[in-house]
Amino acid sequence: MKHTALANGVKMPMLGYGVYQIAPEDCERCVLDAIKVGNRLIDTAQAYNNEEAVGNAINKCGIPREELFIVTKVWISNAGYEKAKASIEQSLKKLQTSYIDLLLIHQPFNDYYGTYRAMEDAYKDGKLRAIGVSNFYPDRLIDLCNFVEIKPMVNQVETHVFQQQKEAHKIMDKYGVKHMSWGPFAEGRKDYFSNPVLLEIAKKYNKSSAQVALRLLNQSDVIIIPKSTHIERMEQNFDIFDFKLSEEDMKRISELDESESAFFSHYDPETVEFLCSLGR
Ligand code: NAP
């Protein structure tokens with residue numbers, strides 16, 4: 001496994017497993033399978049309604065806690081110092097652990113400064129090994145980095161072959177923030193797995209289009225957390241370290257970048273209104 005060092009020296013796996021849209025009743029089995037396959041980084045969130053299932057899997061998997069890297073996120077409705085502080089205790093309880101490896105602010109809405117200050121305090125108390133943000137586009141990220149005591153160490157944003165976030169990546173580098181992808185397959189949108197360029201390159205390396213897409217992100221210094229409920233796909237998604245894309249192939253995939261979201265834009269007023277409504 002390839003690791004990256006966060007700004008505080010904590011080592012984080014560059015590849016893990018995400019549990020968004022996995023029903024609570026399936027999630028424990030999925031996380032146990034993902035860990036069996038070799039994953040040690042698990043990405044959940046308060047809003048996914050499956051932190052308990054992740055906690056059960058952590059307890060049952062037989063892997064020492066210190067070898068796992070657990071990520072969760074504070075939801076918009078828990079924003080603000082006091083609510084965020086209470087929600088961190090809730091997440092620790094649900095995850096059945098005394099510390100979270102990385103806690104992120106899920107969305108840049110509501111009182112995220114208050115949330116961040118609660119996270120800084122929990123970090124100082126040893127309840128969090130690292131802190132960061134998610135869906136912070138360059139404007140919000142620069143703002144936050146300039147006014148907090150402990151800079152965010154990670155920013156998790158939509159990143160895949162059609163939205164490579166090259167400019168945002170440069171800003172993250174400038175502020176010492178590690179780039180983490182969500183939706184590395186754009187959840188299969190845009191005929192992702194049958195894209196002709198990905199398929200052609202995949203054939204050359206005797207790999208799948210999914211593996212080529214993940215490898216592009218890995219070689220671009222992006223942390224990835226593909227989701228699958230199928231163990232064969234988990235195995236495939238984990239098996240990306242025995243080949244290296246050539247510069248020419250990287251360039252060809254790089255050209256697939258459309259530099260826009262396959263889902264929604266955090267700059268679109270309707271999207272912002274929708275997300276804010278979830279926080280009320
Ligand atoms: P994703 O990983 O881009 O795509 C998942 C989809 O791809 C599922 O339909 C899965 O199907 C399919 N798939 C997985 N591996 C495959 C393979 N090798 N071949 C063919 N199909 C494959 O989607 P995502 O779950 O949205 O993103 C990954 C993680 O990012 C999430 O689980 C979550 O942890 C995080 N996330 C964060 C945010 C945020 O706002 N911070 C937003 C979205 C996601 P099956 O499951 O049926 O196999």
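How many salt bridges does a search of the whole structure find? The search finds 16, a salt bridge being a side-chain nitrogen of Lys or Arg within 4 Å of a carboxyl oxygen of Asp or Glu.

This is a predicted model: local features need pLDDT of at least 70, side-chain atom pairs count only at pLDDT 80 or more, and totals for chains, interfaces and linings use all residues. Residues are numbered from 1 along each chain as its sequence is written, and side-chain values use heavy atoms, with hydrogens and water left out.

1. Start with Arg-65 and Asp-101. Their closest N and O atoms are 2.8 Å apart in a salt bridge. Arg-65 sits in the loop between α2 (51-60) and β5 (69-74), and Asp-101 in the loop between α3 (81-95) and β6 (102-105), so the pair ties together parts 36 residues apart in sequence. Helices (H or I, at least four residues) and strands (E, at least two) are DSSP runs, numbered from the N terminus.

2. Arg-129 is partly exposed at 31%. Asp-101 has a relative accessible area of 0%.

3. Lys-204 and Asp-249 meet in a salt bridge at 2.9 Å, N to O. Lys-204 is in helix α7 (residues 196-205) and Asp-249 in helix α10, 45 residues apart. Lys-204 is exposed at 56% relative accessibility, whereas Asp-249 is buried at 1%. Separately, salt bridges with shared partners join Arg-29, Asp-33 and Lys-36 into one network.

4. Now the largest pocket. A pocket is an open set of points on a 1 Å grid over the protein atoms alone, where a 1.4 Å probe fits, with protein on both sides within 12 Å along at least five of seven lines; lining residues have an atom within 4 Å of a point. This one holds about 940 Å³ of space. Of its 40 lining residues, Tyr-20, Gln-21, Trp-182, Gly-183 and Glu-187 lie nearest the centre. Helix α11 gives the most to the lining, with four residues.

5. The second largest pocket has a volume of about 190 Å³. Its lining includes Lys-166, His-169 and Met-250. α6 (166-174), α8 and α10 (247-254) each supply at least two lining residues.

Methods
Points joined across faces, edges and corners; volume = space filled by probe spheres on them. Buried < 20%, exposed > 50% of the residue type's maximum accessible area, 1.4 Å probe, protein only.
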